[in-house]
Structure formats: structure tokens, C-alpha cells
Amino acid sequence: MVLGKVDHPSSFMTSFLHRCGGSAVIDGGLATELERHGANLNDPLWSAKCLISSPHLIRRVHLDYLEAGANIIISASYQATLQGFEEKGISRTKGESLLEKSVKIACEARDIYREGATKGSWDIPGDRIMHEQRPILVAASVGSYGAFLADGSEYSGIYGDGVSLETLKDFHRRRVHVLAAAGADLIAFETIPNKLEAKAFAELLEEDAINIPAWFSFSCKNETNVASGDSIEECALIADSCGLVVGVGVNCTAPRYIHGLIQSIKKVTRKPILIYPNSGETYDGQRKEWVVSRTKF
């Protein structure tokens, strides 16, 4: 379901949700499942490390989520940046190939699932029809600048005075172009921690004439503010004003804040709202791990 060009991006998501029965299921955490399958992600590339070492595990996790009923699977490119690859000694050309690979793995998983070849043949004809017809999208993940820094700043939104709007646009530009051309149905800009980066993404989409839809998803610190302290309403307005953005929402955020955030977002946009919170744990940037939160849901 790749669009050659996007004349009416809003109708793209509206039509998809209608075919899903009014709402769609997004897959769950990729890194957690990769680790459950034996991957060691103690690396600045995090889950993107598996694009090099164990792409079969990524495919397996995508298939697991499709088997569980997901309508949208997200590529393993959240932490995959050209700059991050270069710091590991990987050339720009190879890095771009790995970005493309992240989308191709997800698309392959969708194809395998639709062919009914994930866990043997389907014994019930009706089940085969259901699997073949269920709408499934592949979203190419673009993590925030803070994800590249690997210091937990995607959960604080504090990048420092030296990081400007143009800095962020230049950082993300080539990766967005590569992912947009790799065969995904849309781009998922995820864990956006501040208004500045949301603006950078919106301007990048419009100025560079990116030709597939996108969603913006923010990491938030409470019911009304994203991680940096910026207003979620102001951030959602940026997404609402960008014609290529077909959905806006929240990810990697404590479940206890979700209801309030939905109400805040609904005040400023009529675009579909997407929600995929975390488990309620808090990320420790120094220890580089999730720890149990003392606050109840």
C-alpha cells in the first residue's frame, strides 16, 4: 500500500482506519522482544545493531506481532542513523543500505504473513482469508536526535543551546529521504521530546517534498507537557499544520498520563490520535536501562 504521491494524505489514514473497523493496532516494543529472542542490545545502535548481526530476529519479531493481530509494524530504524553508523566505522553507503534493509525486512514479514507461511499452512479457509485481507501498514521509524546521542535525552528533550532548528533538519534529512524511498507506507517520527524537533520534522517534510505520509508521536512527562516541558497542545498544533502528517500522538510515556494527553491533543487537531505508551517504567539514562517507577499507574 505504498503511495506514489500524496494528494490527500488525510484520506490515506481515514481509509485505512475504516478498513480496520475504526481503529488500528500498532505493534509493541521491538527491543524488548529482540532481547527475549536472545539479542544483546548493549550498544549505541541499540535495536539497529540487529540489522547487522541478526536481521532474522527482527523479521521474527515483526511476524510475532502480525500473528498477535497488529495492523501496523514499525521498522527497526529508530536508532539507525547515518551518523551513528559512521561512529561504528560503517560507511555512508552501507549505512543507507542498512536503513533500506530495515524497511525491506518489515515488508518481507508482511508478505510472509499474508502468504500464510509463518507457522505452517492454515487449516481453516476462513482464517486464510482473514490473514490475507487484514489491512497492514509498514511504518519506517525515525527516532529523535536524542536517540542518536544515546544518553536518554529523548526522554528529557534537553539538547543544549548548540542544537538549532537547522542542526536538527540537517541531521535527519538524508535518513528521512532514504527511508521514504525504501518502500514503507508511512514514516513514524517517534519519541519527539520537544517542540523544536517537531518543527524540524514538519519543515523537512514540506521543504524536501517527501512523498509519503507521516505521523508524529511525542514522549511526554505528564498529562499536558512533552518531555522538555513544551506544551503537548503546541506540539500537536505543529503536526496538525503539516499536510503530510496523518496522525499525532504519544509513545514511550507512562500509561497514567495517556487519558489527559488524548484530551489535550483533541483540543487542537481532528487528525487520528495514536497511542503506544511504555510499561510504566522510567528510563535511567546513566544506567541505560528501564527501572520500575515508584509512581502507580
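**Close-up views of a predicted model**

**View 1. Glu207 and Lys169 are paired in a salt bridge, with 3.0 Å between their closest N and O atoms.** The structure shown here, as in every view below, is a predicted model. Because E207 belongs to helix α10 (residues 195–207) and K169 to helix α9, the pair ties together parts of the chain that lie 38 residues apart in sequence. The two partners can be described separately: E207, with a relative accessibility of 48%, counts as partly exposed, whereas K169 is buried, its relative accessible area being 2%. This pair also belongs to a network, in which salt bridges that share partners join E166, K169, E203 and E207.

**View 2. A salt bridge brings together the side chains of R174 and E96, at 2.9 Å from N to O.** The pair links distant parts of the chain, since R174 is found in helix α9 (residues 165–180) and E96 in helix α6, 78 residues apart. R174 has a relative accessibility of 40% and therefore counts as partly exposed, while E96, at a relative accessible area of 18%, falls under the 20% limit and is buried.

**View 3. The side chains of R59 and E108 meet in a salt bridge of 2.8 Å, taken from N to O.** Here too the partners come from distant parts of the chain, with R59 in helix α4 (residues 55–67) and E108 in helix α6, 49 residues apart. R59 is partly exposed at 23% relative accessibility, and E108 is likewise partly exposed, at 36%. In the whole structure, a search finds 13 salt bridges.

**View 4. The largest nonpolar core of the model is made up of 71 residues.** The residues with the most contacts inside this core are L34, I187, F189, L205, F216 and F218. Helix α6 (residues 92–114) supplies the largest share of the core, namely eight residues. Apart from this core lies another one, of 16 residues, which includes F12, F16, L17 and C20. As a general background to such a view, nonpolar side chains tend to be buried together in soluble globular proteins.

**View 5. I187, one of the residues with the most contacts inside the largest nonpolar core, is shown with its surroundings.** When its neighbours within four places in sequence are left aside, I187 is in contact with A140, V142, V176, A180, I210, I212, P213, A214 and W215.

Note on methods
Residues are numbered from 1 along each chain as its sequence is written. This is a predicted model: local features need pLDDT of at least 70, side-chain atom pairs count only at pLDDT 80 or more; totals for chains, interfaces and linings use all residues. Side-chain values use heavy atoms; hydrogens and water are left out. A nonpolar core is a set of buried Ala, Val, Leu, Ile, Met, Phe, Trp, Tyr and Cys residues joined through side-chain atoms within 4.5 Å. Buried means under 20% relative accessible area, exposed over 50%, partly exposed in between (1.4 Å probe, protein chains only). Helices (H or I, at least four residues) and strands (E, at least two) are DSSP runs, numbered from the N terminus. Contact means heavy atoms within 4.5 Å. A salt bridge is a side-chain nitrogen of Lys or Arg within 4 Å of a carboxyl oxygen of Asp or Glu.
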